[in-house]
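Trainee: Can we go through the side-chain packing in this one? I'd like to start with the rings.

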Amino acid sequence: MFGSESSLSMFLNTLTPKFYVALTGTSSLISGLILIFEWWYFRKYGTSFIEQVSVSHLRPLLGGVDNSSPNNSNTSNGDADSSRQSVSECKVWRNPLNLFRGAEYNRYTWVTGREPLTYYDMNLSAQDHQTFFTCDSDHIRPADAIMQKAWRERNPQARISAAHEALELEDCATAYILLAEEEATTIVEAEKLFKQALKVGEGCYRRSQQLQHHGSQYEAQHRRDTNVLVYIKRRLAMCSRKLGRTREAVKMMRDLMKEFPLLSMFNIHENLLESLLELQNYADVQAVLAKYDDISLPKSATICYTAALLKARAVSDKFSPEAASRRGLSTAEMNAVEAIHRAVEFNPHVPKYLLEMKSLILPPEHILKRGDSEAIAYAFFHLQHWKRVEGALNLLHCTWEGTFRMIPYPLEKGHLFYPYPICTETADRELLPTVFHEVSVYPKKELPFFILFTAGLCSFTAMLALLTHQFPELMGVFAKAFLGTLFAPLNFIMEKVESILPSGLWHQLTRI
């Protein structure tokens, strides 16, 4: 026993201060590298790498998950509804106010050198085009057959060349659409091409309308021609809005909604709301909201925040937080504050963009409701309408953060809406260009334990390395004392074991 103690003390005495400097310096370097990797992984994926590995690989090995247990069957069945709700809320939608690629997105790229659209976003658009603009009977008409291949092309120049090739054969509405979207460099050029597309599209629609009941093939063709016609008319209305002919745009949108009332998937009412706000026609805005802000219809940031803007407009010009704190809120002010809280609960990312606490970027072609992508798309077009209403942004600034006191655990329980979906951050990172935009995350995540732990470990070992380098003798004495104290319980246990066991047996065990 005494031999082991003497060998331990001899080993400690042989350690030089340089060894302690090297040991603490190496520990500091390793923990620093782990910290950098953990921080990068957390910024990119929103979770701790060590924590994810522990949950995914170590926990099953330690028996933390038992999928075969019959007791869990009721729980899994009970969670089915909530999981379906999560999937539906995380559905990606076409942005109703999406910009033109050639006339707007590409111009931004030429000026800044940045790509405003992600590959994932453009791939979703390609899928939309194939769904809306093609059908099984496209092989009958050569131009449609070419365009069916064109929508699948990844190279923009190849798509444009295919559209020109289709137009050389015959007039083709979808070819004009592609050229208006991607080749036209101004809204005026795009409008001219859409007018040509409208002329061709209306003829195709009338012909397929007469034949739609002659078979499933004709029915599919009529459905495709309907989608094409609605798309053309909507984009023409958007061209009029962008060129300053707002009243004309409103009329075109109203006519389109009357002609095709069942095509709510295009969300044309959101285009109409924005145009009516531009005209400051608030009575008509309220009428549209009364129709679409219904409990049975899916909500959007446009619906919720426009309703809040209208109620804020009634009181915002005279609102003062000091006066409100003295006398309390009036009924109209309470209604406005509740509307703001409702809007913020639906999409908590919007206020920072409206209050210009976060910089805007070009909106993507697809959005995730309640996510950062929807907030950008809404604020990009509606910030000017909030600024036009005197005091509206001031009222928003004073009241929006009060929403979070009503929903302290937003991922578990909501107040007026379902709990906030946890999938928004992942989808928004795919939809938004994270190279130059920091995705807004709600609720704000705290730093994982392992990042804090490695940061503390790195700082502590770096401090030890610095002290050992500056005061080698003193730190050597401290290290020996610390190690002696650390091994004292072990020495005490070994002494007790030696006193109980016969000396011969202990000798044999130590030899083994």
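Trainee: How many aromatic pairs does a search of the whole structure find?

Mentor: Keep in mind that this is a predicted model, where local features need pLDDT of at least 70, side-chain atom pairs count only at pLDDT 80 or more, and totals for chains, interfaces and linings use all residues. Residues are numbered from 1 along each chain as its sequence is written, and side-chain values use heavy atoms, with hydrogens and water left out. Rings of Phe, Tyr and Trp (its six-membered ring) pair if their centres lie within 6.5 Å; planes under 30 degrees apart are stacked, over 60 edge-to-face, the rest tilted. On that rule, the search of the whole structure gives ten.

Trainee: Is the pair of F133 and W151 stacked, edge-to-face or tilted?

Mentor: The ring centres are 5.3 Å apart. The planes meet at 45°, so the pair is tilted.

Trainee: And what kind of pair do Y420 and Y442 form?

Mentor: Their centres are 5.0 Å apart. With 90° between the planes, the pair is edge-to-face.

Trainee: Which residues join Y420 and Y442 in a cluster linked by ring pairs?

Mentor: Ring pairs link four residues there, Y420 and Y442 included.

Trainee: Is C172 buried or exposed?

Mentor: Buried means under 20% relative accessible area, exposed over 50%, partly exposed in between (1.4 Å probe, protein chains only). C172 has 4% relative accessibility, so C172 counts as buried.
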